[in-house]
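Biologist: I would like to learn how to read a model like this one. Please take one feature at a time.

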Amino acid sequence: MVTIYTSNSSASCKKAIDWLNEYNIPYKEINIFTQPITKKDIKKMLENTPNGFEDIVSTRSKAIVNNHVVIDDMSFNEACNFLINNPSALKRPILVDDNKLQVGYNNEEIRTFIPKEQRMKTVFSSMDDAEYNLAYSNGMEELF
């Protein structure tokens, strides 16, 4: 299941939720301003990011700028505690599942959250029998 971390006033968050609903993808929404995030939430985000805190923290947020915070200078626990107490420092939306993370809304990248079976069905249903047989015989199902 996808977890999406949102805020009320974000157009990107609304687009991501609308997209998840359009494709009938189950998700759990956590509004970072009404539902406190936890260290477990932050760990789950970081497990799926190549650049750690850099990928999920907005260095332009007021919480970072006004407090002269450099996340890289903090220990893991200090950074987690800072984000728990200052959720506005997180980029939004953040979508995460067991092995993927997307920060922000990107119409192409978000498609990775469509389950493999659903992606295959969509692609293959648009093919006629000859196209399907050719794709299948060439191992195209492996691309999904």
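Biologist: How many helices and strands does the chain have?
Modeller: Helices (H or I, at least four residues) and strands (E, at least two) are DSSP runs, numbered from the N terminus. Here the chain has seven helices and four strands, in the sequence pattern β-α-β-α-α-α-α-β-β-α-α. This is a predicted model, in which local features need pLDDT of at least 70 and side-chain atom pairs count only at pLDDT 80 or more, while totals for chains, interfaces and linings use all residues. Residues are numbered from 1 along each chain as its sequence is written, and side-chain values use heavy atoms, with hydrogens and water left out.

Biologist: In what order do the strands of the sheet lie?
Modeller: Strands of a sheet pair through backbone hydrogen bonds, either parallel or antiparallel. Two strands count as paired if DSSP finds at least two bridges between them. In this model the four strands form an open sheet with mixed pairing, in the order S2-S1-S3-S4. S2 (27-31) and S4 (101-103) are the edge strands, each pairing on one side only. On average, neighbouring strands are turned by 15° against each other, direction ignored.

Biologist: In which sense do S3 and S4 pair?
Modeller: S3 (residues 94-96) pairs with S4 in the antiparallel sense, over three bridges. Ile94 has Val103 of S4 as its bridge partner.

Biologist: Which strands does helix H1 lie across?
Modeller: For such angles, axes are lines fitted to C-alpha atoms, for helices over the stretch in contact, and angles run from 0 to 180 degrees between N-to-C directions. Contact means heavy atoms within 4.5 Å. H1 (residues 11-22) lies across S1 (2-6), S2 and S3, and runs at about 155° to S1.

Biologist: Which residues of helix H5 are buried?
Modeller: Buried means under 20% relative accessible area, exposed over 50%, and partly exposed in between (1.4 Å probe, protein chains only). In H5 (residues 76-85), the buried residues are Ala79, Cys80, Phe82 and Leu83. They cover an arc of only 160° around the axis, so they lie on the same side of H5. The arc is that of the directions from the helix axis to the C-beta atoms. These buried residues pack against H2, H3 and helix H4 (62-66). Over the chain of 144 residues, 38% are buried.

Biologist: Is Thr49 buried or exposed?
Modeller: Thr49 is buried, with a relative accessible area of 11%. Thr49 sits in the loop between H2 (39-47) and H3 (53-56). Apart from neighbours within four places in sequence, Thr49 is in contact with Asp55 and Leu101.
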